[in-house]
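Here is a short briefing on one protein model. Look at the structure first, then work through the points below.

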Amino acid sequence: MSFEMTKGLFKYDFTDQHAILGIPLDAEFNDIRKRYMKIARRLHSDTCSFESQADKDWANQFLSKVVNPAYNKFSKESDRKEYSLLLAAIGKRVVKEQAKMQIESEAAKQLATAQNWEEAYKTAVSKLALKQYESVKETQEAINQISELNMVYLLRKERLGGVGVAPASPIKDATPIKDETPPPPPPPTPNPTRTTTPDSQTEAYCRRAQGFMDSKSYAKAILELKEAVKRDPKHSKAHAMLAMCYVEQNQATMAKIEMNKALASNPEEPTALEVKKKLEQASAKTKKGDDKPGFFASLFGGKKK
């Protein structure tokens, strides 16, 4: 059975998990989970309503080999973060290669020129999602059309300063789906520590900083993140990213300060917890008598030579 999708973002050697699940790029995790459960009930061998046995076999294979891996990409915080970064890079590539862009679906063509394009995008995705898994014939075509919408959305969003993908949330990882298993139980309720809505400009600073961090330009990343925390002093993600930058620049004291600020706003901030682990490992190494001069010396009482 061939499950190849060839349009929209799939042209960039990218698996468009949002298109497979029929959700917009800024969908929250709870909405992703609800959508997955609906698709799983539609395709699972125990509940599939397709008439022919061949269609039922196709549905079961598509659930196992395409839909479940797509959901699994969102079920772990680390995978969500990796996917978000990759999608941001794809957005920049779409802008760079827009002269060669080919749009085939009518919905994507309309989105390219729509005035209220963000609302038009969500409406178009929702409309396609309604019939996406009604039949074998419609499924892959609907995925291709949604991915074209995602491509146009990224192009227009990137022109305004960044990809509008929902950031990884502080909820605990959901249980990954294995082949042909029923839908998972609902995930735990997200930690309510941070109740304020993140400022979009603050998120833009964080996205730019992440790009600098990926290229190891930590000084530039720090400048972006300092602007982010000026706008939102309790933004746990920005403080955590600052802490990681300071770790990479061998500034342990500053790393600890920013880590503590991040954890004060969100005790489950993943990047801050990673920084904490690095600091604890360095502390343990120092206590074992490592006499090499290191950047943790001032923080943990090591002697400089």
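Buried means under 20% relative accessible area, exposed means over 50%, and partly exposed lies in between (1.4 Å probe, protein chains only). Helices (H or I, at least four residues) and strands (E, at least two) are DSSP runs, numbered from the N terminus.

This is a predicted model: local features need pLDDT of at least 70, side-chain atom pairs count only at pLDDT 80 or more, and totals for chains, interfaces and linings use all residues. Residues are numbered from 1 along each chain as its sequence is written, and side-chain values use heavy atoms, with hydrogens and water left out.

**Helix 9**

- Helix 9 covers residues 218-231.
- Its 14 residues should span 20 Å at 1.5 Å a residue, and its end C-alpha atoms are 20 Å apart, which agrees.
- The expected span is 1.5 Å times one less than the number of residues.
- Tyr218, Ala221, Ile222, Glu224, Leu225, Ala228 and Val229 are the buried residues of helix 9.
- Seen down the helix axis, these buried residues fall within an arc of 165°, so they line one face of helix 9.
- The arc is taken from the directions from the helix axis to the C-beta atoms.

**The whole chain**

- The protein chain has 13 helices and 0 strands.
- Of its 305 residues, 46% count as buried.
- Now take contacts, meaning heavy atoms within 4.5 Å.
- Among contacts with a separation of 6 or more, 70% join residues 24 or more positions apart.
- The accessible surface of the protein chain is about 16,200 Å², and carbon and sulfur atoms hold 50% of that surface.
- Accessible areas come from the Shrake-Rupley method with a 1.4 Å probe; for residues, only the protein chains shown count as cover.

**Nonpolar cores**

- A nonpolar core is a set of buried Ala, Val, Leu, Ile, Met, Phe, Trp, Tyr and Cys residues joined through side-chain atoms within 4.5 Å.
- Which members of the largest core touch the most other members? They are Leu9, Ile20, Leu43, Phe62 and Val67, in a core of 52 residues.
- Helices 1 (17-21), 2 (29-43), 3 (53-75), 4 (77-96), 5 (106-113), 6 (117-131) and 7 (136-159) each supply at least two residues of this core.
- Helix 3 gives the most, with 9 residues.
- A second, separate core has 26 residues, including Ala221, Ala238, Leu242 and Tyr246.

- Leu43 is in contact with Cys48, Phe50, Ala59, Asn60, Phe62, Leu63, Val67 and Tyr133, leaving aside neighbours within four places in sequence.
- Leu21 is found in helix 1. Leu21 is buried, because its relative accessible area is 0%.
- Not counting residues up to four places away in sequence, Leu21 touches Ile32, Arg35, Ile39, Val67, Ala70, Tyr71, Phe74 and Gln132.
- Leu21 and Tyr36 are 15 residues apart in sequence, and their C-alpha atoms are 6.5 Å apart in space.
- Thr139 sits in helix 7. Is Thr139 buried or exposed? Thr139 is buried, with a relative accessible area of 0%.
- Leaving aside neighbours within four places in sequence, Thr139 is in contact with Trp58, Phe62, Gln132 and Tyr133.

**Salt bridges**

- Side chains of opposite charge can pair when their charged atoms come close.
- A salt bridge is a side-chain nitrogen of Lys or Arg within 4 Å of a carboxyl oxygen of Asp or Glu.
- How many salt bridges does the structure hold? The structure holds 10.
- Glu158 forms a salt bridge with Lys92, with the closest N and O atoms 3.2 Å apart. Glu158 is in helix 7 and Lys92 in helix 4, so this pair links distant parts of the chain, 66 residues apart.- Glu158 counts as buried at 15% relative accessibility, whereas Lys92 counts as exposed at 53%.
- Arg93 and Glu97 also meet in a salt bridge, at 3.0 Å from N to O. Arg93 is partly exposed at 32% relative accessible area, and Glu97 is partly exposed at 23%.
- Glu224 forms a salt bridge with Arg208, with the closest N and O atoms 3.2 Å apart. Glu224 lies in helix 9 and Arg208 in helix 8 (residues 200-214), so the pair ties together parts that are 16 residues apart in sequence.
- Glu224 counts as buried at 16% relative accessibility, whereas Arg208 is partly exposed at 33%.
- Lys7, Glu104 and Glu141 are linked in a network of salt bridges.
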